[in-house]
Amino acid sequence: MSYSVDLQKPMSFAVWPIVLVGVLLLGAVIALIVVKVIENNRRKAAERKRLEEERKKEPVVVKPSLQELKTTYLEKLAQLEAQFLGGQIESREAYTELSNLFRTFVYDATGTPAHKYTLYDMRGLDKPIVYNLVNNYYAPEFSKDTKGNVLESIDFTKRAVFEWN
């Protein structure tokens, strides 16, 4: 007697659905990473652009009024006068400081870079007082024997600042 038994095939799974699900999951993870990287790069680019635009903007400078400038420079001239009278600075230093103060006042008041101009350059300005005052400072400021009246020069400069328009 022979018995024959038909064995059932072992349970088998199709491999392709598992591979397909794996590929889809891997693709989703890669797509998510790519999207995050792109978003991050866009955000960084936008921030760089914003910072660059901020750098290009002119700083907002609040200019003092002419009256405020006059007050400031008259105070500086009074301080210079006090230093000279107190013996803290000598005549030549006083003339150098007087020249610097007045030139800087002209720059602050008009925007003309008088603090960088030579005496010759100042002759071309349409404010003769600038040339005349700086010309009066030159000899005592640069000569060997400083001859000049510092207090008188300070008074002339104070008057020029006060009457500036």
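Me: At roughly what angle do the axes of helix H2 and helix H6 cross?

Reply: This is a predicted model, so read every value as computed from it. The axes of H2 (residues 66-85) and H6 (residues 150-163) cross at roughly 175 degrees. They come within 9 Å.

Me: Which residues meet where H2 and H6 touch?

Reply: From H2, the list includes Lys70, Tyr73, Leu74, Leu77, Glu81 and Phe84. From H6, it includes Val150, Leu151, Ile154, Asp155, Lys158 and Phe162. The residues of this contact divide into 12 nonpolar, one polar and five charged.

Me: Which residues of H2 are buried?

Reply: Buried means under 20% relative accessible area. In H2 that picks out Leu69, Lys70, Tyr73, Leu77, Leu80 and Glu81.

Me: Why do the buried residues of H2 line one face of the helix?

Reply: Start with the general idea. An α-helix has 3.6 residues a turn, so residues three or four places apart point the same way. Now the case here. Seen down the axis of H2, the buried residues fall within an arc of 110 degrees, so they line one face.

Me: What do the buried residues of H2 pack against, and which exposed residues sit on the face turned away?

Reply: The buried residues pack against helix H3 (91-110) and H6. The face turned away from the buried side carries the exposed residues Gln67 and Gln79.

Me: How does the length of H2 compare with what is expected?

Reply: H2 has 20 residues and reaches 28 Å from first C-alpha to last. That is close to the 28 Å expected at 1.5 Å a residue. H5 (128-142) can be read in this way too: 15 residues reach 21 Å, close to the 21 Å expected.

Me: Which residues of H3 are buried, and what covers them?

Reply: Among the buried residues of H3 are Ser91, Tyr95, Leu98, Phe102, Arg103 and Val106. What covers the buried residues of H3 includes H2, helix H4 (119-123), H5 and H6.

Me: What do the buried residues of H5 pack against?

Reply: They pack against H3, H4 and H6. Those buried residues are Val130, Tyr131, Leu133, Val134, Tyr137, Pro140 and Glu141.

Me: Which glycines follow H2 and H3 with a positive phi?

Reply: Look just past each helix. H2 is followed by Gly87, whose phi is near 75 degrees. Just after H3, Gly111 has a phi of about 85 degrees.

Me: Where is Gly111, and how far is Gly111 from Asp121?

Reply: Gly111 is in the loop between H3 and H4. Its relative accessible area is 40%, so Gly111 is partly exposed. Gly111 and Asp121 are 10 residues apart in sequence and 15 Å apart, C-alpha to C-alpha.

Me: Is Asp6 buried or exposed?

Reply: The cut-off for exposed is over 50%. Asp6 has 73% relative accessibility, so Asp6 counts as exposed. Asp6 lies in the segment before helix H1 (15-56).

Me: How many Å separate the C-alpha atoms of Asp6 and Asp155?

Reply: They are separated by 128 Å. Along the chain, Asp6 and Asp155 are 149 residues apart.

Terms used: Residues numbered from 1 in each chain as written. Predicted model: local features only at pLDDT ≥ 70, side-chain atom pairs only at ≥ 80, totals over all residues. Heavy atoms only, no water. Axes fitted to C-alpha atoms, helices over the stretch in contact; angles between N-to-C directions. Helix = DSSP H or I, 4+ residues; strand = E, 2+ residues; numbered from the N terminus. Contact = heavy atoms within 4.5 Å. Nonpolar A, V, L, I, M, F, W, Y, C, P; charged D, E, K, R; others polar. Expected span 1.5 Å × (residues − 1). Buried < 20%, exposed > 50% of the residue type's maximum accessible area, 1.4 Å probe, protein only. Arc of directions from axis to C-beta.
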